[in-house]
Amino acid sequence: MVFYRGHLLICGGTGCVSSGCKDIIIAFQEELRKKKLDEEIKIVETGCHGLCEMGPLVILHPESVFYCRVEVKDVQEIVDEHLMKGRPVSRLFFTEPLSLDKVPKYQEIGFYRKQQRIALRNCGFIDPENFNEYLACDGYAALEKMLSEMTPEEVTNVVKAAGLRGRGGGGFSTGTKWELCAKATSIKKYIICNADEGDPGAFMDRSLLEGDPHNVLEGMMIAAYAIGADEGYLYIRAEYPLAIKRTQTAISRAEELGLLGKNILGSNFSFTLKIKEGAGAFVCGEETALIASIEGRRGMPRSRPPFPVVKGLFGKPTVINNVETFANVPQIILHGADKFAAVGTERSKGTKVFALTGKLRNTGLVEVPMGITMREIIYDIGGGTFEGKKFKAVQIGGPSGGCLPEDRLDLPIDYDSLVQAGAMMGSGGLVVLDDESCIVDVARYFLSFTRSESCGKCTPCREGTMRLLEILERICAGQGVPEDIAKVEKLAYIIKASALCGLGQTAPNPILSTLRYFRHEYEAHIHDKKCPAGVCQALFDYRIDDRICNGCTICAKICPVGAISGERKQAHQLDIVKCIKCGICLERCPKNAIFKE
Amino acid sequence: MNKLLTMEELRELRKKAPDEMTARQTWDTQVIVSVGTCGIAAGAREVVTELLKELQRRNIKNVSVTKTGCIGMCEREVLLDVVRPNEDRVTYGRVVPRDVSRIVGEHLVNGRVVEGLVVGRISS
């Protein structure tokens, strides 16, 4: 083995792959070889570090220097200056969005300082395709501990005592679920890992499987042992090719080593794992639809009970947990229930991974203890909204969740507090909206998503979401009538109460929560025919302020339909009949003389 | 690799695994080589290469080897600092590759400063 002085960790998560990390890896390899540093510095491709906004990310250990937005042309400078001469390249350091300080070290960046990583502990730190690196980070130590000293009941009890709740959205106690399935009498039982992540903006399952697949496998093995299953499936959507590839590599490696298969490590425990690629229907994230899909039937939910723990895959008792839930399990077994339960709130223990997106500076993946406030996540970790933009709302929980306004920002986040506030944890997508986002339009967007993803089996969801969407589209088009709000509310409650599965039952949540906190925006759309954020095209016109316009003629030249006219150095006029509201004049006006009305 | 048939074998494998990760954390004991243009001209790269070889020969893993730029005393290059927890930071000057094994053996392993090469100390 060669003794490397330093390790150059290059993020190989999907976010950084799309911003070009593969070229950077090749460039580094070449440059190191050229400078004869290839026996001094080792290049490691890791999983996602979370700060995808700043990708591609490159981290040099042991100094823990953090470079962001690295481009191929920067590679030579990093090698020459830092690796060769020991002078870090400060221009590529992370800049704190508020203080504008350049921060060289990984651990000192505000985005990471407030996080507490349990599920994501190895993501971005290890090479996900290298089994030894996982092993070095206590990998499979929980499996070893469990097989040598714990009975299945003890495993279930520890998970129950830890207070782990399902991270996929519902928040059902994981230990209780396992206990119910363990009690079911059957010679065959199954474990399923639900990686059919479909919420717009959420990508924690993908990152976990891409960054630390063995951790998820170990969690599944522990669950299988606890309930007495000998076969498991990972249901991963086919849109996640990298996650599938890395998970498959991990499964093959575990099989080679005998960590999957018959009589694992000489014990009586046998377990095999298969990947089932999902075709990308959102409804297949619902457990009964997911089971139907694995069985080869059309992905449609069925009514419960019987619950899958009694009658699941192929009619046998089955435990379905989310990726993140499984990722927490090895740590609970290894360090005990008390240590896990010490983090979080009274009824929601541990941490939760959130995918931060929308109108804020640091977007990416964060893992924070339960009970943290939304304000801390958005401002301390996310860096707040962009300059000059005012925070309006945060959408949490994807199409099943709701919008919370500014006065709910100090709410400690856990499963129950969110439900009370009219939102829900969901899988953990957080979309920040600023004053340029129209609340009605956001509700319409999420509803159009659930409508097109509705499987069509039950009428309330199939017809109800369609009708709701029609009303919202009418409101956005300026044709809303005063009765619409009451009609929407009534219909929403009916769908909530009568739909067959979680998709339909939660589909009206975005509307109900926005009606609760932002009713005035709906009213502005209906009564005043105005869109306060200037998003709904039918509800505003572009105008030129003739006191500001200096007649530079830029807008007249670029208008694609010739709606702007005027003499040089004279204020211009805009013909609102011809105008198609493309907004290009507003973007290009050097004097900001064009505005929406 | 063969199948792991017992827990003992998994344990053995895990014991060896951290070797690959050793450079991924900052250790308390550090060797810092100054590699500005002056240092490189005086042979700092050869010193670093020799240092890594020496650490590998002795199988020492809990040491971080880092580089720094010119620290101003170009006359005495190659400069090499040894930092050990709760001890003075010692700067060696005019280090050549054949001194490395002495510095590693005496100072890093046995804790005895190689007095003949010292050009400065910073108290801890």
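In this predicted model, A:Cys531 is found in the loop between helix H22 (519-526) and strand S16 (542-544) of chain A. With a relative accessible area of 7%, A:Cys531 falls under the 20% cut-off and is therefore buried. Leaving aside residues up to four places away in sequence, A:Cys531 touches A:Cys438, A:His525, A:Cys536 and A:Leu539. A further cysteine, A:Cys476, is 55 residues apart from A:Cys531 in sequence, and the two C-alpha atoms are 8.1 Å apart in space.

A:Thr450 lies in helix H17 (residues 439-453) of chain A, and the residue counts as buried at 1% relative accessibility. Its contacts, again not counting residues up to four places away in sequence, are A:Pro399, A:Leu503 and A:Ala507.

| Domain of chain A | Residues |
|---|---|
| domain 1 | 6-113 |
| domain 2 | 140-341 |
| domain 3 | 351-434 |
| domain 4 | 439-526 |
| domain 5 | 541-596 |

Taken over C-alpha atoms, the centres of domain 4 and domain 5 of chain A are separated by 37 Å.

The largest nonpolar core has 77 residues, of which A:Tyr140, A:Trp178, A:Ile191, A:Leu234 and A:Phe271 touch the most other members. Helix H10 (residues 213-227) of chain A gives the most to this core, contributing ten residues. Because domain 2 (140-341) and domain 3 (351-434) of chain A both give residues to this core, it lies between them. Apart from this core lies another, of 72 residues, which includes A:Leu9, A:Val79, A:Phe93 and A:Leu418.

Definitions and conventions
Residues are numbered from 1 along each chain as its sequence is written. Chains are lettered from A and ligands numbered from 1 in the order in which they are written. This is a predicted model: local features need pLDDT of at least 70, side-chain atom pairs count only at pLDDT 80 or more; totals for chains, interfaces and linings use all residues. Side-chain values use heavy atoms; hydrogens and water are left out. Helices (H or I, at least four residues) and strands (E, at least two) are DSSP runs, numbered from the N terminus. Buried means under 20% relative accessible area, exposed over 50%, partly exposed in between (1.4 Å probe, protein chains only). Contact means heavy atoms within 4.5 Å. Domain bounds come from an automatic or database domain assignment. A nonpolar core is a set of buried Ala, Val, Leu, Ile, Met, Phe, Trp, Tyr and Cys residues joined through side-chain atoms within 4.5 Å.
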